[in-house]
Amino acid sequence: MAHTSSSTPPPPQSSAVPPSHPFNTEQEDNTSPIERPSQTTLTSKVIPQRKPLLRLELRDLSSEGSRAFLRLIHASKALEQAVDTVLKNLYTGLNVSCIPPTRSVTLVLRDMDGVAYTTGRDIDDDHKEIHINTKYISHISESRQKEEIMGVLVHEMVHCWQHSGFGTAPVGLTEGVADWVRLKAGYAPPHWKRHADCDWDAGYERTGYFLEWLEKEHGEDIVRRINDGLRECKYDADTLWHACCGKSVKHLWGKYQKSLEKSE
Ligand SMILES: [Zn+2]
């Protein structure tokens with residue numbers, strides 16, 4: 001869904017990430033494999049059991065948004081790249097059976113309200129549709145258009161592959177995971193900011209930056225563990241957060257709030 005947000009974030013581009021950080025997946029790397037630092041664990045591709053069918057549907061070729069999309073985006077590469085980014089960030093190091101059996105993703109560009117949303121087909125939830133509003137695309141400033149389209153695509157692609165405790169996880173958590181992957185992919189828009197004047201599950205980048213902080217505090221695979229904890233059971237706050245971090249989410253959020261106060 002739409003990304004509600006505010007001002008200047010530290011750029012989450014992979015180039016800004018310290019070398020010890022393993023989420024450096026989008027970086028252009030011209031060094032030979034031997035010269036590459038060994039800790040870039042997310043460079044290897046995560047392959048799902050079944051390669052998803054990727055499709056594109058343009059409902060109105062004459063719309064400004066469709067024209068901009070076709071001018072700026074290599075659709076087949078962009079969709080593949082979005083799938084790769086999501087699978088790397090959510091499933092590196094996990095068994096392939098942990099990955100949802102998504103069989104197809106159709107990107108639909110059309111005139112509608114809002115920014116974007118993702119849905120499963122009524123008859124078969126393994127077939128996903130990502131709808132992006134062409135009017136929204138046409139209103140983005142030209143200098144940001146390509147990055148923003150990719151950012152929205154990566155966010156929505158997360159919804160095609162993430163677990164949600166059979167739909168019981170707080171929406172703020174699943175939206176936070178989606179924006180966390182967008183952040184890791186280097187597509188955080190310039191207006192994103194760390195906020196803690198809200199609950200931990202306020203969602204989007206507010207929760208996304210909290211998850212980024214949790215990585216530093218509780219290990220680089222923390223979001224993968226949280227996502228996997230939502231695979232086979234319904235969301236239970238106590239069980240999930242204690243299993244992943246050994247503490248309640250309220251306690252963790254309090255620590256995060258304090259860390260932001262200090263850095264102000
Ligand atoms: Zn979303």
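Helix α7 (residues 222-229) is largely enclosed by the rest of the predicted structure, because 6 of its 8 residues are buried; buried denotes under 20% relative accessible area, exposed over 50% and partly exposed in between, with a 1.4 Å probe and protein chains only. Helices (H or I, at least four residues) and strands (E, at least two) are DSSP runs, numbered from the N terminus. The buried positions of α7 are I222, V223, R224, I226, N227 and D228. They pack against α2 (75-91), α5 (171-184), α6 (204-218) and α8 (237-245), contact being defined as heavy atoms within 4.5 Å. The model is predicted, so that local features need pLDDT of at least 70 and side-chain atom pairs count only at pLDDT 80 or more, whereas totals for chains, interfaces and linings use all residues. Residues are numbered from 1 along each chain as its sequence is written, and side-chain values use heavy atoms, with hydrogens and water left out.

Beyond its neighbours within four places in sequence, M157 contacts L79, A82, V83, V86, V105 and I130.

The zinc ion is coordinated by H155 (NE2), H159 (NE2) and E175 (OE) at 2.0 to 2.1 Å. Donors are N, O and S atoms within 2.8 Å of the metal (3.2 Å for Na, K and Ca); water is not among the atoms, so sites may look incomplete. The donor residues follow the spacing H-x3-H-x15-E. Both H155 and H159 belong to helix α4 (residues 142-161), where they are 4 residues apart, about one turn of the helix. H155 is buried at 0% relative accessibility, and H159 is likewise buried, at 19%.

An open sheet of mixed pairing comprises 4 strands in the order β1-β2-β4-β3; two strands pair if DSSP finds at least two bridges between them. β1 (53-58) and β3 (116-120) stand at the edges with a single partner strand each, so one side of each lacks a neighbour in the sheet. Strands β2 (residues 104-110) and β4 (residues 127-133) run parallel and are joined by 7 bridges; K128 in β4 is the bridge partner of V105.
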